[in-house]
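This briefing covers selected side-chain contacts and surface features of the structure shown below. The points are grouped by topic.

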Amino acid sequence: MSTGSMLYGAALSVVAAVLLVAFVGRDRRVPVLLTAGAAAFLMPICWNLILGWTGATDAFSHDLPFRPFPVSWQDTGTGVFTLAGAAIGLSLGPCGKDPARRAGR
């Protein structure tokens with residue numbers, strides 16, 4: 001995967017994450033939006049760099065033979081890695097003192 005493709009995908013992820021947190025999660029606090037956006041940008045890049053450094057990209061990047069939604073293990077790993085990074089960032093940062101019910105929305 002080229003660096004340009006990674007950056008483009010990460011930028012689209014930022015837009016999607018911020019919109020989802022703001023409108024679906026209804027949390028419009030700036031620190032929360034910045035943390036969610038930062039996780040959505042940084043974590044996919046980190047995951048893809050890890051795959052590249054370890055030489056595991058070929059093992060993870062085979063798409064399912066399902067044309068409407070050709071997802072791969074690389075895509076799944078990116079999502080899991082990003083979710084974990086966002087959870088850690090939010091829990092240690094702007095949502096650290098929020099009750100679990102509010103932070104889990």
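Buried denotes a relative accessible area under 20%, exposed one over 50%, and partly exposed the range in between, with a 1.4 Å probe and protein chains only. By that rule aspartate 27 is buried, because its relative accessible area is 11%. The model is predicted, so local features need pLDDT of at least 70 and side-chain atom pairs count only at pLDDT 80 or more, whereas totals for chains, interfaces and linings use all residues. Residues are numbered from 1 along each chain as its sequence is written, and side-chain values use heavy atoms, with hydrogens and water left out.

**Salt bridges**

- Two salt bridges are counted, each defined as a side-chain nitrogen of Lys or Arg within 4 Å of a carboxyl oxygen of Asp or Glu.
- Arginine 29 pairs with aspartate 27, with the closest N and O atoms 2.9 Å apart.
- Arginine 29 also forms a salt bridge with aspartate 98, where the closest N and O atoms are 2.7 Å apart.
- Because arginine 29 lies in the loop between α1 and α2 and aspartate 98 in the loop between α4 and α5 (100–103), this pair ties together parts that are 69 residues apart in sequence.
- Arginine 29 is partly exposed, at 27% relative accessibility.

**Aromatic pair**

- The structure holds one aromatic pair; rings of Phe, Tyr and Trp (its six-membered ring) pair if their centres lie within 6.5 Å, and planes under 30 degrees apart count as stacked, over 60 as edge-to-face and the rest as tilted.
- The pair is tilted because the ring planes of tryptophan 47 and phenylalanine 81 stand at 40°, with the centres 5.5 Å apart.
- Tryptophan 47 belongs to helix α2 (residues 30–54) and phenylalanine 81 to helix α4 (residues 73–92), so the contact ties together parts that are 34 residues apart in sequence.
- Tryptophan 47 is buried at 16% relative accessible area, while phenylalanine 81 is partly exposed at 25%.

**Nonpolar surface patch**

- Val15, Leu19, Leu20, Phe23 and Val24 form a nonpolar patch on the surface, with about 510 Å² of accessible area together.
- Valine 24 lies in helix α1 (residues 3–24) and is exposed, at 60% relative accessibility.
- Helices are DSSP runs of H or I with at least four residues, numbered from the N terminus.
- Patch members have over 30% relative accessible area and no salt bridge, and nonpolar side chains (Val, Leu, Ile, Met, Phe, Trp, Tyr) are joined within 5 Å, like charges within 9 Å.
- Accessible areas come from the Shrake-Rupley method with a 1.4 Å probe; for residues, only the protein chains shown count as cover.

Terms used: Helix = DSSP H or I, 4+ residues; strand = E, 2+ residues; numbered from the N terminus.
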